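Q: Please pick one part of this structure and take me through it closely. Then set that part in its wider context.

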Amino acid sequence: MINFSCIQDLIDIANNQERTIDDIVVEYEATHSFKSVIYIKENMQTIWQVMKESAEKSINNTQKSVSGMVGGDAQKLFTFKDSFAGDFVKEAASYAVAVAETNAAMGKIAACPTAGSCGIVPGALIAAQNHYNYDDEQICNALFTATGIGMVIENNAMIAGAQGGCQAECGSAAGMAAGALVHLAGGSPEQIGNAVALAIKNLLGLACDPVAGLVEVPCVKRNGFATTVAILAADMSLAGVKSVIPVDEVIDAMYRIGKSMPKSIRETATGGLATTPTGIALKEKIYSK
């Protein structure tokens with residue numbers, strides 16, 4: 001029976017058995033869930049379809065959330081012609097924002113790993129499929145790699161903003177997306193690990209300070225920004241750039257930073273942006289309706 005407790009375990013198993021990380025994760029899931037490999041893979045196909053549909057829903061319309069704070073920004077970015085970032089990065093960020101807008105408008109999304117960070121992995125992978133013609137099977141294999149990364153983070157640190165701030169949500173999702181992109185590009189297990197480390201390192205300490213306690217501001221746009229971090233982390237790793245701090249130590253640092261964060265910036269809406277004059281005014285306006 002295959003078991004792993006850290007990213008280095010996944011890397012070692014992959015290298016020693018000459019397997020890919022996604023293959024290891026599929027076997028692990030099948031064994032521990034008592035489901036067939038066919039069922040596990042079909043279920044991932046379903047999740048991938050939900051991701052794509054949730055992105056397209058907000059890319060194609062300007063529906064506002066109930067609060068009125070978000071909605072329509074994904075379409076604005078997607079149709080913007082003079083991007084400094086380039087078409088791939090702009091499109092990935094647009095789709096990430098779109099999925100998060102769908103969530104804010106009470107639409108169906110796949111929490112990956114959470115609702116607050118639901119756009120980052122889909123944004124990166126939808127853009128990758130559109131620009132590099134990966135088929136759905138290849139994308140789903142990359143999602144299994146992301147799944148393994150997310151499992152390790154959840155077990156060894158945290159993925160909830162209430163526990164560790166937004167570094168635990170958008171940071172974890174950025175690490176998952178970076179690893180998935182490196183998988184798609186044919187990177188080695190070590191390069192996948194480095195991409196995860198590079199992505200998470202650059203989002204350490206990120207506050208979770210939702211205005212009015214809603215997963216809207218700054219959460220929706222932050223999905224777009226975190227997607228760009230994931231893309232650059234993947235590029236750096238594929239180029240041969242290594243994280244000086246090993247990936248599992250980065251995850252441990254995220255855990256320790258999260259535990260040391262004050263509660264006011266851990267999804268309580270009692271600090272940070274939520275307590276700016278505008279944040280307070282928006283809260284009063286929303287809840288006085």
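A: Helix 6 and helix 7 are roughly antiparallel to each other. That word covers angles over 145 degrees; under 35 counts as roughly parallel, 65 to 115 as roughly perpendicular, and the rest as oblique. Helices here are DSSP runs (H or I, at least four residues), strands are E runs of at least two, and both are numbered from the N terminus.

The model is predicted, so local features need pLDDT of at least 70 and side-chain atom pairs count only at pLDDT 80 or more, while totals for chains, interfaces and linings use all residues. Residues are numbered from 1 along each chain as its sequence is written, and side-chain values use heavy atoms, with hydrogens and water left out.

Now the pair itself. Two packed helices are described by the angle and the distance between their axes. Helix 6 spans residues 120-132 and helix 7 spans residues 136-156. Their axes come within 11 Å and cross at roughly 150°. Each axis is a line fitted to C-alpha atoms over the stretch in contact, and angles run from 0 to 180 degrees between N-to-C directions.

Which residues meet? From helix 6 come Val121, Leu125 and Gln129. From helix 7 come Asp136, Ile139 and Leu143. Contact means heavy atoms within 4.5 Å. By class, this contact has four nonpolar, one polar and one charged residues. Nonpolar takes in Ala, Val, Leu, Ile, Met, Phe, Trp, Tyr, Cys and Pro; charged takes in Asp, Glu, Lys and Arg; the others, Gly among them, are polar.

Asn133 sits in the loop between helix 6 and helix 7. Most residues other than glycine have a negative phi, and most peptide bonds are trans. Phi of Asn133 is positive, near 60°. Asn133 is exposed, at 66% relative accessible area. The cut-offs: buried is under 20%, exposed over 50%, partly exposed in between (1.4 Å probe, protein chains only).

Ala212 is buried, with a relative accessible area of 7%. That loop also holds Pro218. The peptide bond from Val217 to Pro218 is cis, with omega near 5°.

Another cis bond joins Cys112 and Pro113, with omega about 5°. Pro113 lies in the loop between helix 5 (87-104) and helix 6.

Now the whole chain. The protein chain has 13 helices and zero strands. Its radius of gyration is 18 Å, close to the 19 Å that the globule rule gives for 289 residues, so the protein chain is as compact as a globular protein of that length. The radius is taken over C-alpha atoms, and the rule is 2.2 Å times the number of residues to the power 0.38. Buried residues make up 54% of the 289 residues. Among contacts between residues at least 6 apart in sequence, 75% join residues at least 24 apart.
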